[in-house]
Structures are given as C-alpha cells and as structure tokens.
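I opened this model to look at its sheet and the helices around it. My notes follow in the order I took them.

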Amino acid sequence: MTILDEIKLNKVLLSDGALGTILQSKGLKPGECPELWNISHRSDVREIAESYLFAGSDIVTTNSFGGSRIKLSQYGLGERTSEINTTAAAICREAAGNDRHVAGSIGPTGKMLLMGDVTEEELLDSFSEQALALEKGGADIIIIETMSAADEAVLAVKAARSSTGCTVIITMTFTGDGNGEYHTMMGISPAEMVIAMKEAGAHIIGSNCGNGIREMIGVTGAIRSADNKIPVIIQANAGIPEFVDGVTLFQESPEMMASFVPDLLKAGVNIIGGCCGTTPAHIRAIAKALGR
Ligand SMILES: [Zn+2]
C-alpha cells in the first residue's frame with residue numbers, strides 16, 4: 001500500500017525524527033560531509049534508521065538531505081552523487097523491509113535562482129538525478145525538506161514527479177510573527193506554498209524544522225484554510241534552537257512534544273514526525289500519544 005492509500009483509510013502515520021543532530025552525537029565533525037557517512041559509516045546510519053523503526057516509525061528518512069550534485073560538489077563528491085543516494089536509500093530499505101516506507105530526503109541546494117547563482121535547468125537536473133538514485137536504492141517516497149524559496153521548491157517537486165514514480169512530499173520552514181502569520185525566510189506564506197506546490201504536482205504538503213511544535217498548530221491551520229483535502233505532514237524541531245557555548249541545543253522533551261499531538265490532529269495533520277533535536281524517544285512518545 002502507498003502512504004496515500006493508508007491516509008485514505010484515515011490512518012495517521014508516524015514518520016521519524018532528526019538525523020543530522022544524531023550523526024553529530026555519533027561523531028560527525030563540523031565541515032564533514034554527512035552524506036558520505038552512508039558509505040564510510042554505513043552501520044551507524046543503519047542503526048539510526050533501526051532505532052526509529054523500533055520506536056514505531058512508519059516512515060524512515062534517508063541520510064541524503066545534502067545529497068544533490070550541487071551540494072556534494074562542494075566536498076569534491078559530485079561524481080559520487082548516484083552512489084551516495086542509492087546507498088542512502090538501500091540502507092533504509094534494508095532496515096525497513098517491505099512493510100514500512102522509505103522517504104528519500106532532498107534538501108535545498110543553497111543556490112538561489114533569484115541571485116542568478118544557478119539556472120532552472122541546472123536545478124532540475126540536480127534534483128532529478130538525486131530523486132532517481134533514491135528511488136533506485138529503494139525509496140517509495142521523495143521528501144523535499146526545509147525549503148524556503150518557492151521557485152526552487154517547485155523545481156524540486158517537478159523533478160521528483162517527472163523522474164520517479166514515488167509519492168512526493170514537500171515541506172517548507174516557517175517562522176511566526178507572533179500574530180498568527182507565518183512566512184519562510186524568502187517570504188512565502190503557508191497558503192502560497194499550498195497553491196504553488198499543488199500546481200507543481202506534490203502529493204503531500206507540510207512543514208518541518210522551525211521553532212517547535214507549538215507554532216506548527218498555527219502553520220497547519222494556515223495550510224488547512226488554503227486546502228482542506230491535501231494530506232499534511234508536520235515534522236517540528238524539539239523547540240527553539242538555542243546556541244550555548246557554540247553548540248545548538250533543543251529543549252523540548254518527548255513528553256512536551258507529544259502533549260501537542262491532539263492539537264495537531266484536531267488541526268488536520270495526517271503524518272507526524274520530528275526534525276532537529278528530536279530522538280527515537282520523541283517518536284516513541286508521539287506514538288503513545290497516537291494511541292499505539
Ligand atoms: Zn530541523
């Protein structure tokens with residue numbers, strides 16, 4: 001069954017939590033390429049996927065957020081794009097078996113169309129190559145995450161739709177202004193996201209990262225007022241990131257995050273997971289709040 005079929009049966013799905021912050025706790029150094037760990041530290045990466053599956057995740061996400069050719073080229077690894085992404089997906093598929101879902105993660109390239117850093121064609125090629133390699137490794141979902149610019153996100157969705165048969169999820173990162181309005185760093189509102197991403201062909205739309213789960217209730221409300229049918233995914237950080245002695249800390253406990261699950265469900269969320277700072281313990285607490 002695809003996740004869209006499961007959502008049609010009114011099932012609320014549980015995705016997974018952070019990857020980057022857990023890789024750091026396992027020894028990933030600043031300046032090191034996290035995606036190369038799929039090859040150099042394969043068992044560590046697999047262990048993270050297994051820990052989320054054990055906590056109850058229906059969906060595990062690949063270690064490929066920065067795995068586009070554009071990003072990997074900054075580490076001199078552009079030529080290994082296909083190998084790195086295929087391996088990232090294969091690790092998760094091995095851990096997940098065939099009953100659960102593997103979401104191939106695609107993050108922003110860091111290049112802005114608006115500034116002339118990159119052409120539309122270069123972005124399309126880079127996203128298509130990555131999505132195709134993730135599907136080849138066993139991903140049944142492509143999740144495009146932490147997007148801020150609508151033009152880049154549209155190209156990523158179109159690339160994933162045209163180059164793979166995967167279910168395509170897009171999530172953008174919003175900040176609230178304190179008065180119930182939310183915008184990405186590039187000024188896109190949740191309603192603008194919904195319109196642009198539906199038109200690009202996204203199957204599931206939502207938000208990730210940001211300033212904790214509380215704000216996600218407002219973001220979900222804004223998405224739902226633009227569209228009350230499209231499946232919605234929310235993957236919040238474990239609170240507002242705080243910088244202490246050069247380290248980023250996230251303070252929200254698993255119980256604190258899980259306490260907002262009823263509000264998220266009421267707001268109309270179909271898939272819940274976590275982003276930076278969340279751990280298998282957060283996912284287990286959310287599973288419990290979902291009555292599992
Ligand atoms: Zn995050």
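**Entry 1: helix H8**

I began with helix H8, which is mostly covered, as 10 of its 14 residues are buried. This is a predicted model, so I treat every value here as computed from it. H8 takes in residues 150-163. I checked its span from first C-alpha to last and got 20 Å, close to the 20 Å expected at 1.5 Å a residue.

I then listed the buried residues of H8. They are Ala150, Glu152, Ala153, Val154, Leu155, Ala156, Val157, Lys158, Ala159 and Ala160. What covers them? I found that the cover includes strands E3 (101-106), E4 (141-147) and E5 (167-172). Helices H7 (120-137) and H9 (190-200) are also among the covering elements.

**Entry 2: two residues of H8**

I looked up glutamate 152, which sits in helix H8. Is glutamate 152 buried or exposed? I count 23 other C-beta atoms within 10 Å of glutamate 152; the cut-off for buried is 20 or more, so this residue is buried. Setting aside neighbours within four places in sequence, I find glutamate 152 in contact with Pro108, Thr109, Leu113, Leu123 and Met147. I also took one distance from glutamate 152.

Next I went to valine 157. Beyond its neighbours within four places in sequence, valine 157 contacts Ile144, Val168, Ile170, Met197, Ala200, Gly201 and Ala202. I looked for valine 157 in the largest nonpolar core, which has 89 residues. Val157 is one of the four that touch the most other members, along with Ile142, Ile144 and Ala153. Nonpolar side chains tend to be buried together in soluble globular proteins.

**Entry 3: the sheet**

I traced the strand order next. The sheet is open and has 8 strands, in the order E1-E12-E9-E8-E5-E4-E3-E2, with parallel pairing.

**Entry 4: strand E3**

I moved to E3, where 6 of the 6 residues are buried. I sorted them by direction. His101, Ala103 and Ser105 point one way, while Val102, Gly104 and Ile106 point the other. Side chains in a regular strand alternate between the two faces of the sheet.

I then checked the partners of E3. E2 pairs with E3 in the parallel sense over 3 bridges, and isoleucine 59 has histidine 101 as its bridge partner in E3. E3 also pairs with E4, again in the parallel sense, over 4 bridges. There I find glycine 104 opposite isoleucine 142 of E4. Between these two strands the chain passes through H7, and this β-α-β crossover is right-handed.

**Entry 5: strand E9**

How many residues of strand E9 are buried? I count 5 of 5 over residues 232-236, so E9 is largely enclosed by the rest of the structure. Val232, Ile234 and Ala236 point one way from E9, and Ile233 and Gln235 point the other way.

Strand E8 (residues 204-209) runs parallel to E9, and 5 bridges join them. I noted two partners here. Serine 207 bridges to isoleucine 234 of E9, and cysteine 209 bridges to alanine 236 of E9. Strand E12 (residues 271-274) also pairs with E9, in the parallel sense, over 4 bridges. In that pairing glutamine 235 stands opposite glycine 273 of E12.

**Entry 6: helix H10**

I followed the chain between E8 and E9. E8, helix H10 (residues 213-226) and E9 form a right-handed β-α-β unit. With 28 other C-beta atoms within 10 Å, isoleucine 213 is buried. Which residues does isoleucine 213 touch, not counting those up to four places away in sequence? I find Ala236, Glu252, Met257 and Phe260. Ala236 belongs to E9 and is itself buried. Last, I took the C-alpha separation between isoleucine 213 and glutamate 192. It is 21 Å, for residues 21 apart along the chain.

Methods
Residues numbered from 1 in each chain as written. Predicted model: local features only at pLDDT ≥ 70, side-chain atom pairs only at ≥ 80, totals over all residues. Expected span 1.5 Å × (residues − 1). Buried ≥ 20, exposed ≤ 12 C-beta atoms within 10 Å, placed from the backbone. Contact = placed C-beta atoms within 7 Å. Pairing = 2+ DSSP bridges. Right-handed = clockwise from strand over helix to strand, strands pointing away. Core = buried A, V, L, I, M, F, W, Y, C linked by C-beta atoms within 7 Å.
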